[in-house]
Amino acid sequence: MDILVLGMVFFILLALVIGVIISRVSKSSKLEEELREEKELTHAIVASMGEGVLVLDTDYDIKLINPQAEKLLETTAKEAVGQKWAEFVKAYVGDQEITFDKRSSVKTLASGEIKITSIGDDHYYFTRSGRKFPIVAITAPLKREGKVVGVVKVFRDATHEKEIDRMKTDFISLASHQLRTPLSAIKWFTELLLDPAAGTLTMEQQGYAAKIAVSTDRMVSLVNSLLNISRIESGRIMIDPKPTDLLELVESVISELKRKMDTKGHKFIINTIDKLAPIPVDPKLIGHVYANLIDNAIKYTQDRGDISVFISKKNDEIISQISDSGFGIPVNEQQKLFQRFFRASNAIKHVTEGSGLGLYLVKAIVESSGGKIWFKSEEGKGSTFWFSLPIAGMQPKKGEVSLDS
Ligand SMILES: Nc1ncnc2c1ncn2[C@@H]1O[C@H](COP(=O)(O)OP(=O)(O)OP(=O)(O)O)[C@@H](O)[C@H]1O
Ligand SMILES: [Mg+2]
């Protein structure tokens with residue numbers, strides 16, 4: 001009897017254990033199935049994307065390449081997987097090959113930050129059959145448990161966008177050139193009209209002619225800004241670096257802005273941390289950067305405000321800082337600061353003239369010189385702009401045009 005009871009208890013326990021095992025097995029196979037389905041879905045999405053997708057590991061070896069990337073890079077997954085990305089596909093900025101440490105994937109892997117390459121960055125890939133095509137791309141870190149374990153790159157062929165961009169630049173350049181001749185004539189004849197030698201005008205007529213002169217000057221400066229932008233964007237601009245003392249360059253820029261400054265009674269300070277050795281930069285281009293930033297500081301600072309320029313050296317960069325105690329830029333408008341034609345709502349109230357092209361041009365010059373530009377600003381308190389230049393200076397570039405030529 002006892003044996004019978006024991007047997008039944010044993011049987012019930014066995015049934016329970018088997019039940020648990022069966023339910024676990026069926027749960028885990030369900031999990032596996034779910035994982036497999038998810039993997040297949042991800043695979044299908046990546047495979048059908050219109051953009052090229054690449055996954056690299058921490059050695060920059062290609063781990064995955066989707067069909068669109070195979071097509072754009074003229075390769076196959078079989079050939080590409082396992083290859084070193086930077087050697088497999090060469091990348092260029094304009095005509096210059098991008099060195100290994102400057103490749104977006106290397107930067108993303110080192111910093112863990114997302115890198116965006118837009119149309120203005122002028123990046124190209126070079127396929128092994130010799131086709132060079134412009135790209136736009138996003139390079140993002142692949143993270144596992146907070147650690148960067150690789151890079152995902154999504155890119156597309158930007159040939160069409162580049163062509164439209166070039167047509168736009170050509171159009172602006174052509175229209176601006178055509179406007180220059182009649183504008184010069186208006187300016188010249190207005191000056192003649194205001195010259196007493198041409199006969200006396202009534203006070204009222206003099207007032208009208210003076211207004212024509214001011215508006216013409218504004219239009220000439222707008223046309224010049226548009227031409228400078230198209231010169232930079234077309235990549236036809238020459239870069240002619242000469243050993244330059246940056247402090248002397250700032251002083252020469254200031255002497256040209258002196259009249260404007262004196263009328264507003266600003267206190268101006270210019271300083272360097274220590275004696276800076278001359279660096280090879282194109283004085284015309286960098287002079288333009290200082291002129292625009294200092295002109296803004298003057299324009300957007302109330303009378304008797306403070307303006308300062310401070311040049312220092314940090315690691316392998318020269319940093320220029322331009323500060324003012326002016327109107328500042330409203331926080332909610334700050335992200336638009338370097339966009340073409342942007343003018344802040346508070347500045348428009350104080351200063352009517354201005355095209356909103358100055359900072360766009362400044363950014364383009366600084367970035368094409370291998371530097372960066374950034375700022376900090378508080379409305380009602382003032383603004384500080386910084387820009388960096390590599391201490392090694394600018395790389396020379398042959399070109400057909402220079403600024404304001
Ligand atoms: N130092 C500054 N303080 C306050 N606002 C500034 C300053 N610098 C620039 N801004 C704001 O940014 C806008 C864009 O500046 P940007 O130099 O591009 O154009 P602009 O001065 O309006 O015209 P221009 O093409 O003649 O330079 C300005 O209109 C102004 O609103
Ligand atoms: Mg300006």
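**Around the ligand**

Analyst: This is a predicted model, and in it a polar side-chain atom of asparagine 296 lies 2.8 Å from an oxygen atom of ligand 1.

User: And what is 2.8 Å from a nitrogen atom of ligand 1?

Analyst: That is an N or O atom in the side chain of aspartate 324, while a polar backbone atom of glycine 358 lies 3.1 Å from an oxygen atom of the ligand.

User: How much of ligand 1's accessible area does the protein cover?

Analyst: Ligand 1 has 600 Å² of accessible area on its own, and the protein covers 95% of that.

User: Which residues come nearest, and what's the shell made of?

Analyst: There are 19 residues around ligand 1, of which Tyr300, Arg343, Ala344, Ser355 and Leu359 come nearest. The shell divides into 9 nonpolar, 7 polar and 3 charged residues, and helix H9 (283–299), helix H11 (358–368) and strand S15 (382–390) each supply at least two of its residues.

User: OK, what does UniProt say about residues 174–393?

Analyst: An unreviewed UniProt entry annotates them as "domain: Histidine kinase"; in the model, this stretch is 48% helix and 20% strand, with its end C-alpha atoms 32 Å apart.

User: Switching to the strands, what does S6 pair with?

Analyst: Strand S6 (residues 123–126) runs antiparallel to strand S3 (residues 90–93), joined to it by 4 bridges, with valine 93 opposite histidine 123. S6 also pairs in the antiparallel sense with strand S7 (residues 132–144) over 3 bridges, where phenylalanine 126 stands opposite lysine 132.

User: What's in the turn between S6 and S7?

Analyst: The two strands form a hairpin with 5 residues between them, and glycine 130 in the turn has a positive phi of about 100°.

Methods: Residues numbered from 1 in each chain as written. Chains lettered and ligands numbered in written order. Predicted model: local features only at pLDDT ≥ 70, side-chain atom pairs only at ≥ 80, totals over all residues. Heavy atoms only, no water. Near = heavy atom within 4 Å. Polar contact = N/O pair within 3.5 Å; in protein donor to acceptor, adjacent residues only side chain to side chain. Areas by Shrake-Rupley, 256 points an atom, 1.4 Å probe, with all protein chains shown as cover. Nonpolar A, V, L, I, M, F, W, Y, C, P; charged D, E, K, R; others polar. UniProt positions renumbered as here; feature names shortened; annotations may be inferred. Pairing = 2+ DSSP bridges.
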